[in-house]
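Please walk me through this protein model, from its overall make-up down to single residues. I would like plain paragraphs that I can follow with the structure open.

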Amino acid sequence: MCMICDGYTFEEVLAYEAAQLELERFLVQAVGSPDPPHAANWAYTVGLLDRAEHPELIVVGTDVGVGTRLLRALGDAVLAGERFAPGEMIHINGEIARVGAVAPIQYTLDTFNSWHNLRSYGALHAPALEAVQIIVADVWSATPDLLLADPSARVGSGRSAAPNRATRRAGSRRPRNRRRP
C-alpha cells in the first residue's frame, strides 16, 4: 500500500505511522516489489532503538513479504529481551542467518528514510540511528554487494528497482502536440 500514491499528504502519512508506532511499539518498513528479482528489495524496523535500546534491523534482497515477516518476528523477539549483534549466527525457521554490521554511510542515504522522517516528526527520540543487518543465506552466498557493512553497498537509488506508480503513469502518457514555429 502506498499512501502517497492513494492521495494522502506526507504529513498525513507521518501522523498515521506515528500512531501505528505507538500502538505496535515498532514498525517494519518494506521497500521494493513483491515480484522477482528481489535484489533491490529491503525492509527495516523503525522503533526498536526507542522501545528496546536495540539497533534497528534491516534485511536486504528478499521478497518483501518474507522480509517483513522475518523482521516482525525478530522485532518481537527484541521486545521480549533478545539481542542481535554483528557476527552472530541465528536460526530462523530452520534456516541460518548472520547478523552483520551496517556501515554508517547507510544512515545518510535513503536506506532508512522512514526512520529519519519519523524522528524529524518527533515520533522517535533516539539521538542517532544504529542498525544491524540480518543476512539470510541466499544473500550472503549469492549477492555480496548487498552486505551493508561495505560502505560502497547500496539499496534504493542506484539499484534497478521496479518503477513506482508515478513513474509508470508518466511513461504511459502520450506527449502533447506542440506547435512548431
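Buried residues make up 38% of the 181 residues in the protein; buried means under 20% relative accessible area, exposed over 50%, and partly exposed in between, with a 1.4 Å probe and protein chains only. This is a predicted model, in which local features need pLDDT of at least 70 and side-chain atom pairs count only at pLDDT 80 or more, while totals for chains, interfaces and linings use all residues. Residues are numbered from 1 along each chain as its sequence is written, and side-chain values use heavy atoms, with hydrogens and water left out.

The secondary structure comes to 7 helices and 6 strands. Helices (H or I, at least four residues) and strands (E, at least two) are DSSP runs, numbered from the N terminus. Read from that end, the elements run α-β-β-α-β-α-β-β-α-α-β-α-α. Contact here means heavy atoms within 4.5 Å. Among contacts between residues at least 6 apart in sequence, 59% join residues at least 24 apart.

The 6 strands form an open sheet with mixed pairing, in the order β1-β2-β3-β6-β5-β4. Its edge strands are β1 and β4 (89-92), each of which pairs on one side only. Two strands are said to pair if DSSP finds at least two bridges between them. Neighbouring strands of the sheet are turned by 25° against each other on average, direction ignored. Axes are lines fitted to C-alpha atoms, for helices over the stretch in contact, and angles run from 0 to 180 degrees between N-to-C directions. Within the sheet, β3 (residues 56-60) and β6 (residues 131-136) pair in the parallel sense over 4 bridges. Val-59 stands opposite Ile-134 in β6. Helix α5 lies across β1, β2 and β3, and runs at about 25° to β2.

Two strand residues can be followed in detail. Thr-45 sits in strand β2 and counts as buried because its relative accessibility is 0%. The side chain of Thr-45 makes a polar contact with the side chain of Glu-56 at 2.7 Å. A polar contact is a pair of N or O atoms within 3.5 Å; within protein, one must be able to donate a hydrogen and the other to accept it, and residues adjacent in sequence count only if both atoms are side-chain atoms. A polar atom of the Thr-45 side chain also lies 2.8 Å from the backbone nitrogen of Leu-57. Not counting residues up to four places away in sequence, Thr-45 touches Phe-26, Leu-27, Val-28, Glu-56, Leu-57 and Leu-71.

Ala-30 belongs to strand β1 and is partly exposed, at a relative accessible area of 27%. Neighbours within four places in sequence aside, Ala-30 is in contact with Trp-42, Ala-43, Val-64 and Thr-68. Ala-30 and Val-64 are 34 residues apart in sequence, but their C-alpha atoms are 6.1 Å apart in space.

Now to the helices. The 15 residues of α1 (residues 10-24) should span 21 Å at 1.5 Å a residue, and the end C-alpha atoms are 21 Å apart, which agrees. The expected span is 1.5 Å times one less than the number of residues. In α1, Val-13, Leu-14, Glu-17, Ala-18, Gln-20 and Leu-21 are buried. They cover an arc of only 165° around the axis, which puts them on the same side of α1; the arc is that of the directions from the helix axis to the C-beta atoms. On the other side of α1, Glu-11, Glu-22 and Leu-23 are exposed. The cover over the buried residues of α1 includes β1 (27-31), β2 (42-46), α2 (48-52) and α5 (113-121). Just after α1, Arg-25 takes a positive phi of about 80°.

Helix α3 (residues 64-79) has 16 residues and reaches 22 Å from its first C-alpha to its last, close to the 22 Å expected. In α3, Val-64, Gly-67, Leu-70, Leu-71, Leu-74, Gly-75 and Val-78 are buried. Seen down the axis of α3, these residues fall within an arc of 130°, so they line one face of the helix. An α-helix has 3.6 residues a turn, so residues three or four places apart point the same way. The buried residues of α3 pack against β1, β2, α2, β3, β4 and β6. At the start of α3, a side-chain oxygen of Asp-63 reaches to within 2.9 Å of the backbone nitrogen of Gly-65. Just after α3, Gly-81 takes a positive phi of about 115°.
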